[in-house]
2 protein chains.
Amino acid sequence: MAKIDEVARAAGVSISTVSYALSGKRPVAADTRARIEQAVRELDYRPNAGARMLAGSRTHIFALTEPFRLDTHAPTHMAFVLAASIAARQSDYDILLLTDEEASAGMRRVASSGLVDGVLVLDVAPADERVALARQIDIPTVFIGVPDDHDGLICVDLDFEAASALAVDRLADGAHRTIGMIGQSAIAYENSNFPPRVRRGFEDHARERGLEHHFRTTGQVRSSASAVRRATGELLDAGVTGLLLHASEEVHSAVLAELASRDLSVPRDVSVISVASTFDLTSLAAPIDDIPLVPQTSCDLAVDLALRSLEADPPSAGIYLIAPTYRDRGSVTPPHAAVEAVAS
Amino acid sequence: MAKIDEVARAAGVSISTVSYALSGKRPVAADTRARIEQAVRELDYRPNAGARMLAGSRTHIFALTEPFRLDTHAPTHMAFVLAASIAARQSDYDILLLTDEEASAGMRRVASSGLVDGVLVLDVAPADERVALARQIDIPTVFIGVPDDHDGLICVDLDFEAASALAVDRLADGAHRTIGMIGQSAIAYENSNFPPRVRRGFEDHARERGLEHHFRTTGQVRSSASAVRRATGELLDAGVTGLLLHASEEVHSAVLAELASRDLSVPRDVSVISVASTFDLTSLAAPIDDIPLVPQTSCDLAVDLALRSLEADPPSAGIYLIAPTYRDRGSVTPPHAAVEAVAS
DNA sequence: TTGAAAGCGCTACCAG
DNA sequence: CTGGTAGCGCTTTCAA
């Protein structure tokens with residue numbers, strides 16, 4: 001609870017020098033800085049947040065709006081919240097929570113009361129009410145996800161279409177001619193913004209590569225293991241040998257269980273790739289290649305964009321897509337083996 | 001972005017009168033107040049958060065520390081975060097997120113920088129590092145959960161022991177002589193603070209009521225449906241006719257599935273009560289009586305205690321237990337029927 | 001019932 | 001490279 005003037009006195013310098021030494025906004029002699037830092041340490045000094053907000057141009061707080069929708073996958077959501085918090089702290093920012101019933105009124109409130117410097121929008125819906133708000137308030141807003149109407153907004157997301165395309169490429173390169181995809185529950189293709197993009201990438205690119213392709217959801221609203229195994233069976237019966245999964249951990253397990261029950265092994269009989277997964281795939285019955293959705297990457301970029309929006313030349317509006325990365329764990333027929341198989 | 005002096009001018013009063021009219025800390029003539037309120041509305045005035053923090057004695061922010069532990073049940077955790085946020089907003093407070101890697105350093109930081117007025121501690125572990133911190137910092141801290149060492153702390157929680165005792169009473173009153181409990185995974189009895197309390201309430205009270213009783217976990221670390229069904233089977237084979245469940249939704253389903261597969265119906269053959277559940281039990285195969293853990297109740301109380309800790313006479317340290325409430329859905333043999341059964 | 005004015009603790013401008 | 005100081009926009013004491 002020491003104040004800046006005590007630090008100044010202890011270090012034998014002026015208040016402003018202490019301020020500049022701490023913010024780094026003005027050069028300070030090495031020895032002066034050393035004395036100040038020692039005084040700070042000895043007094044356990046921390047600038048008062050309110051004073052900093054009032055005097056400075058920054059509050060050092062970002063709002064994080066998260067609607068707690070029913071179809072939200074809780075573990076994934078938590079991973080994003082954690083990632084956002086870590087990203088923010090890396091730039092000396094804190095996260096203020098704005099939950100559903102407050103998401104709209106709250107965004108306006110924290111913006112016009114000057115409580116936060118910017119807003120991060122999580123769990124974006126195709127028709128998201130927060131889009132209109134982002135256009136009204138006068139602080140930068142970054143969407144982690146892409147709403148249908150994103151004109152003039154800054155959005156960050158994994159390039160889902162490129163991710164599925166990449167997966168399709170791997171399967172095609174592995175000489176698979178008939179591929180399938182097991183997606184989310186049917187309702188997710190209406191309520192969420194990215195499942196349709198994964199599906200589109202799969203279907204468009206499979207068509208481009210001239211592959212026969214089939215798509216299955218995991219049920220109407222909630223996916224049950226039996227529905228998943230049924231869907232898997234249907235795909236296999238249709239001659240599918242390459243499988244693309246965009247689903248929860250449980251679905252992955254169910255798919256692998258169905259394969260096992262048919263005495264099919266990965267990748268000998270069936271190749272499997274997981275797309276946009278946020279969980280650990282190494283503890284599954286069989287390790288599976290994946291093109292992960294990494295919350296930290298999205299959130300780091302989002303925070304970076306929010307911070308840059310506060311500066312002199314802010315980043316332009318638009319969709320900032322994150323390039324997919326492929327993690328090989330041996331669950332796909334390698335091109336080499338495929339060539340041999342064809343040759344023999 | 002209007003400021004208080006603009007409001008004052010528009011309403012034809014002084015700045016201080018505006019301030020008092022809004023805070024209610026001093027009587028203001030009805031017509032004066034009306035003019036001020038109109039000016040506030042017309043200008044869409046919101047007090048500047050930084051100025052309010054600096055000048056006033058309150059920041060109107062509570063920190064919420066949440067370690068994202070691996071064994072945390074994500075949906076339950078999210079329910080608590082949401083409830084905490086709602087409770088805080090009801091008292092014009094915002095929630096600042098403090099995540100794991102920051103939980104300790106962060107608590108100290110937000111306390112000594114005057115960013116928050118108090119701290120709410122979520123997902124409390126038996127040996128929680130935040131206990132030591134709570135004792136160091138000079139702002140009120142309220143634990144939602146009870147750590148082993150809780151001397152001098154303010155803790156809020158459901159009275160888990162009373163909850164299981166209540167459940168045991170219902171089963172005993174339903175003329176059950178042999179009862180069983182299916183709890184969480186074995187590891188939860190080491191890492192979490194409340195599973196042991198539920199178990200203790202069950203065993204102690206069953207003993208008091210002179211009932212034969214058996215306890216089962218749902219596996220070592222993670223619970224699988226098959227492990228749950230096996231545990232259920234073992235209890236049934238031991239002659240159990242009354243079942244107490246302290247587990248996730250999936251476990252409830254698995255238990256009901258096992259009963260169904262044995263052609264046992266609820267409550268005719270087996271009575272079932274769920275204790276400390278946070279999810280919706282009405283969509284299960286059979287509706288089940290429960291003694292719920294209601295996040296909103298805990299969080300409302302926690303916020304209330306935190307607020308009162310800021311006042312003149314703060315609440316005393318101690319454990320504030322919330323009395324359990326029983327929700328009847330017909331899954332337990334009523335005392336009446338039991339009497340008849342005995343009579344016939 | 002109301003007003004005037006002194007800070008709250010910092011940041012950043014203006015001087016040197 | 002460093003110091004002095006004018007605010008930032010409120011809350012609250014003192015005075016009327």
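Helices (H or I, at least four residues) and strands (E, at least two) are DSSP runs, numbered from the N terminus. The structure is a predicted model: local features need pLDDT of at least 70, side-chain atom pairs count only at pLDDT 80 or more, and totals for chains, interfaces and linings use all residues. Residues are numbered from 1 along each chain as its sequence is written, while chains are lettered from A and ligands numbered from 1 in the order in which they are written.

**Exercise 1.** Determine which element gives the most to the surface near DNA strand D, and describe that surface.

*Solution.* A residue is near a strand if its C-beta atom, placed from the backbone, lies within 6 Å of it. By this criterion 28 residues surround DNA strand D, and the closest are Ser16(A), Pro27(A), Ile4(B), Ser16(B) and Ala55(B). Two or more residues each come from H2 and H4 of chain A and from H2 and H4 of chain B. H2(B) gives the most, with five residues. By class, the surface has 14 nonpolar, 10 polar and four charged residues (Ala, Val, Leu, Ile, Met, Phe, Trp, Tyr, Cys and Pro count as nonpolar, Asp, Glu, Lys and Arg as charged, and the others, Gly among them, as polar).

**Exercise 2.** Describe the side of chain B that touches chain A.

*Solution.* Two residues are in contact if their C-beta atoms, placed from the backbone, lie within 7 Å. The contact takes 32 residues from chain B and 32 residues from chain A. On chain B, at least two residues each are supplied by H4, helix H5 (74-89), strand S2 (94-99) and helix H6 (100-112). H5(B) gives the most, with eight residues. The residues on this side divide into 16 nonpolar, nine polar and seven charged.

Next, consider the strands. S2 of chain A and S2(B) pair in the antiparallel sense over three bridges (two strands pair if DSSP finds at least two bridges between them). Leu96(A) stands opposite Leu96(B).

**Exercise 3.** State how chain B is related to chain A.

*Solution.* Copies are superposed by least squares on the C-alpha atoms of residues with pLDDT of at least 70 in both. The same surface serves both copies, as 100% of the contact residues of chain B recur in chain A.
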